[in-house]
Amino acid sequence: MLRLINFAHSEVFMIGIFASLFALHGLGIEAGSPPKHGMALVGTLFVAMLAGMLASGLTAVALERVAYRPLRKRNAPRLAALITAIGLSLFLQELFALRYGRNLLPFPRVLERTQLASFQGADIRSDKVLVFVAAIVLMIGLERFIAKSRLGRGVRATAQDSETAALMGVNIDRVVVLTFLLGGLLAGAAGGLYGVFFENARYNIGFLPGIKAFTAAVLGGIGNVRGALVGGLSLGLLENWGATVLGGEWKDVFAFTVLVLVLLFRPTGILGESLGKARA
Amino acid sequence: MSQGKKRLFRVVALFAIAALATAACGDDDDDNAGDNGSGSGQKQTVKLAFVGPLTGDAANLGINIRNGAKVAVDDYNDGDPDVRVELVEFDTQGDPAQASTLKDRFITDPTIIGIVGPTFSGETRAVLPDLEANNLVMVSASATNVALPTVVPNQRVFHRLVPDDDVQGKGVADYIIKSLEAKNVAYIHDNSEYGKGLAEGTQKLVEAGGVRTALIDAIDPKAQDYSAAVNKVRAAAPDVVFYGGYYAEAGRLKKQLTDAGVRATFVSGDGALDPGFIQSAGAAAEGAQITCPCNLATVDAGGKLGEFAQNYKDLNGVDPGTYSTEGHDAAALLIEGIKDGNTDRQKLLAYVEDLETFDGVGKEIAFEENGNIKATGVFFFEVKNGKLTLLGTTEELVK
């Protein structure tokens, strides 16, 4: 919305993973502890995700305050913000590398991996269901928030034309902070889930998901929440088809070839049409 | 004093301090040169260079080797010898390009007379021609690429303490065929030069032994989700899964395989031999089998190896890891030469070239003409009760 790629978002995500790990440790759940059941499980997951969301949300807002707002106030060129973002990303990565080491930190197993059902040879497993459902819920929540609420309207207006929005009485600073907060909260929730699912944390763990998220957003149509969902799902499916048909080492080649092809014919992404028209 | 004058004064003072410091350093160099020539009353110091990664993704292996070498150097210096040894560190981040930019610094320093490392095959290849041209002897604890001794024709400086990838591959293959009696093997690698080479090399040898290949596939070491490969393995139902790659990914892969219900025996190479594998795989690590041309030192091992493990832990605050033993032996071997009075590059090189045997803490060391170590067995480890436990060498296990 600020026409800015927040490269440091990968690190916001990484901080979310670390925060949920520390929250689990805080609850006395260490690597090797037995998995939880019933209410204890729900509570643990809730605490882990909440910790991730809080930490990531705060980080994102702090980043905005310290790094992006001063640039915006001085009307610095976008390139400067981009470089700042890359710098922040490296700063946070190295900070965590020096503090917590460069090795993987293991997560305790919180959720037992039980096979719930089998469909055409594919497993439907408890942990996967959790991630899937949580992703859908968060996406619908975000989409409703942006589309319906007053603040959401402000976000959309600022994205379209920040000067006019300001003239109409939208508090741009507040909207920008809100956007960062939202992004941070979602990254933190994702971090909590990521930690529970993949069960490890590392200083550079956010890098690849960051790249993938950006790719998914471009594929689906930038500035479009539904587009991002469609983009993410397509990218995941493409990668795995590519890996199955052509072999694992070809998965990125295949996925990114399709991305280039899609962008050749639909430069605004799969669902990017409406926004493209609105801008034109 | 006015503001302007004050500032000028400060600048001049700074320059003066800098000049003094430079002069002091210069004096140091002169002292060393004098010692080398005359052997006067003052203690002489020679330097060994550690070359390998101390930061970056592959830092663990480099740190293990450096820490091992430090034990050997400290041991020696504690005896208050006439010629002290100093270990200087050059951090390549495991990157051949970094190694190339760093190499001038250790090649042009005449007080550096031997090299512990380089750690990886790629960086060894990058610096080897210059080492040869400058008679700077190297003993690598871990570079296993088969072609290294022939990179520079008729070279003398190259030495390594572990057998090359072919020997390791053969040991692994024998073990999979004869000891595990596998019928159907799946190979997965991380697409790195090391991992792919090891997986494909092993596959060739195992197939030659008449064992079917279920599949060969690659994973992306930077990714977390290996479900594409895991699903393929599950569908193929092999009785052994061989992984070529490093410990962090090996651990994640093993965990995801176990979670998906794959019960095949998990076998991997030296890159996976690290307590980090067990951390990463958690309970799923149990029963995994890991081979290494290196001997892992543990305090429980007893004897020289156990004593080394204890010293290592006292000095570095952590347990020895993969190649720590070899890092110690590489440094100890060079120090043995220095003890015998070989305190310049030419003499130390000649000493290592003429060396018959050296009794290391890991094993008996002897070099072939080309600098390879004379064939020693491959060591096999199994994860038992959350610990890497030595099963034995290929000679003992494969009958």
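Modeller: Let's start with a term: a residue is buried if 20 or more other C-beta atoms lie within 10 Å of its own, exposed if 12 or fewer, and partly exposed in between, with C-beta atoms placed from the backbone. This is a predicted model, where local features need pLDDT of at least 70, side-chain atom pairs count only at pLDDT 80 or more, and totals for chains, interfaces and linings use all residues. Residues are numbered from 1 along each chain as its sequence is written, while chains are lettered from A and ligands numbered from 1 in the order in which they are written.

Colleague: Thanks! Which residues of α7(B) are buried?

Modeller: Helices (H or I, at least four residues) and strands (E, at least two) are DSSP runs, numbered from the N terminus. In α7(B), the buried residues are A228(B), A229(B), V230(B) and V233(B). Their cover includes α9 (225–246) and α10 (251–265) of chain A, along with β6 (184–189), β7, β8 (240–244) and α8 of chain B. Just after α7(B), A237(B) has a positive phi of about 45°.

Colleague: How many residues of chain B are in contact with chain A?

Modeller: Two residues are in contact if their C-beta atoms, placed from the backbone, lie within 7 Å. Here 18 residues of chain B contact 18 residues of chain A. On the chain B side, α9(B) gives the largest share, 3 residues.

Colleague: And what about chain A, how many helices and strands does it have?

Modeller: Chain A has 11 helices and 4 strands. Buried residues account for 38% of its 280 residues. The C-alpha trace of chain A spans about 55 × 40 × 35 Å along its principal axes.
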